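Please look through the sequence and the structure below before reading on, and keep both at hand while you follow the text.

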Amino acid sequence: MVVAPPDTIMWKNGRLKIIDQTKLPTKLSYIYCDTVEDVWHAIKQLKVRGAPAIGIAAAFGVLVALRNSRGSTSEELVGKVDKAASYLASARPTAVNLAWALERMRAVAHRMKKQTPTNIMTALKKEALLIHEEDRLLCRKIGEHGARLIRSGSTVLTHCNAGALATGGIGTALAPVFVTHARGKRVRVVADETRPLLQGARLTAWELKRAGIDVTLICDNMAAQVMREGKVDLVITGADRIAANGDVANKIGTYGVAVLAKAHGIPFYVAAPSSTFDLSIRSGKEIPIEQRHPDEVTEGLGRRTAPDRIAVYNPAFDVTPARLVTALITEKGIIRPPYRRTIAAVLCGRPRSKKKATSNDSRRREKVS
Ligand code: MRU
């Protein structure tokens, strides 16, 4: 039986409703975000999290910010959209989907600025719903492309949570797993617990178990041993931002998993929609890494686990160099190295270099399967 994934984000009767992911796995509860501050805090505190999901929540967050705008002129409305977008974008810096979705909302407002306030509001609502619906479809396509990489009986190791909870659909990294399972093939998942905030243990394990998928939880520091024992066939993770050269920012610990996969000859795949690619940056060096509060490390397990006033370093993400990534699974197909060329070719339909398109185009297409 295929269990429908949970709806992480809902726009219901003009209100934004989300699963409070900080309460999982013990409680599946929903909260309303009725002010733009509520939305900002929900994103900052990881009540809603995962790159695509925070983009979707922020797009609805713009609508929330306009709730009491009756009587505003078109110019005032556009100003409010700009203000809300800048504010919401400041909640988390690494996942490019957040800025991407907000930019779409801003672009609609500016394009419509000569229209009536009612028309602007209608167009903004349509855009937020579209961002949500598009993500659902992208996840499905990622799942279908990625499922081709999973042979029946395979075990997939994943890190953090890139499932339904992190998106508007069936997830990115977990989408190929869900599709494989729905097709009646056997697939097992090893979920890294993902310290410090345990998205793997709290969310991935919960989602997969709920869907009836065979999942085994390990602590992060067990991955090497599990790989050495031959218990992992492939790794699939999500991404928060992918640079033009294929460097991947994802949850802290992903880089280590990629190094381990390389050392054990295990393919390392990254699944992400085109909204997670940032072709304006040449490499992962330019990706801002979110630093989070020390308490997440010293009190992450609900009680103090380190001495008082201990120095803590808590980067929420790391960057996996492109050379460790076997392939990128996108809604447009599977992209293989050399990424600088193939990413631009697949996502933009053109080479990134200034050279004219030539017969190389056919070779470029060969890199997409
Ligand atoms: O801090 P989080 O929980 O938002 O981090 C999430 C991740 O790193 C995911 O792997 C990534 O956003 C992809 S979600 C489809």
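Predicted model: local features only at pLDDT ≥ 70, side-chain atom pairs only at ≥ 80, totals over all residues.

The paragraphs that follow begin with the ligand and its surroundings and then turn to some features of the backbone.

Two elements each give two or more residues to the shell around the ligand, namely the helix α2 (51-65) and the strand β9 (248-251). If you now step back to the level of domains, you can see that domain 1 (9-138) and domain 2 (140-368) both contribute residues to this shell, and therefore the ligand lies between them.

What kinds of residues make up the shell around the ligand? Eight of the shell residues are nonpolar, six are polar and four are charged. Of the 18 residues around the ligand, the ones that come nearest are Arg 49, Arg 92, Asp 240, Asn 250 and Lys 251.

Some of these residues can be followed down to single atoms. In the side chain of Asn 250, an N or O atom is 2.6 Å from an oxygen atom of the ligand. For Arg 49, the distance between a side-chain N or O atom and an oxygen atom of the ligand is 2.8 Å, and for the side chain of Arg 92 the corresponding distance, again to an oxygen atom of the ligand, is 2.8 Å. On its own the ligand has 420 Å² of accessible area, and the protein covers 100% of it.

Most peptide bonds are trans, and most residues other than glycine have a negative phi. Against this background, a cis peptide bond joins Arg 195 and Pro 196, with omega at about 5°, and Pro 196 is found in the loop that runs between β5 (187-192) and α7 (199-210). Another cis peptide bond, whose omega is about 5°, joins Pro 337 and Pro 338, and here Pro 338 lies in the loop between β14 (333-335) and α11 (339-348).

Where in the chain does Asn 13 lie? Asn 13 is found in the loop between β1 (9-12) and β2 (15-19), and its phi is near 50°, which is a positive value in a residue other than glycine.

Technical notes. Residues numbered from 1 in each chain as written. Heavy atoms only, no water. Near = heavy atom within 4 Å. Polar contact = N/O pair within 3.5 Å; in protein donor to acceptor, adjacent residues only side chain to side chain. Areas by Shrake-Rupley, 256 points an atom, 1.4 Å probe, with all protein chains shown as cover. Helix = DSSP H or I, 4+ residues; strand = E, 2+ residues; numbered from the N terminus. Nonpolar A, V, L, I, M, F, W, Y, C, P; charged D, E, K, R; others polar. Domains from an automatic or database assignment.
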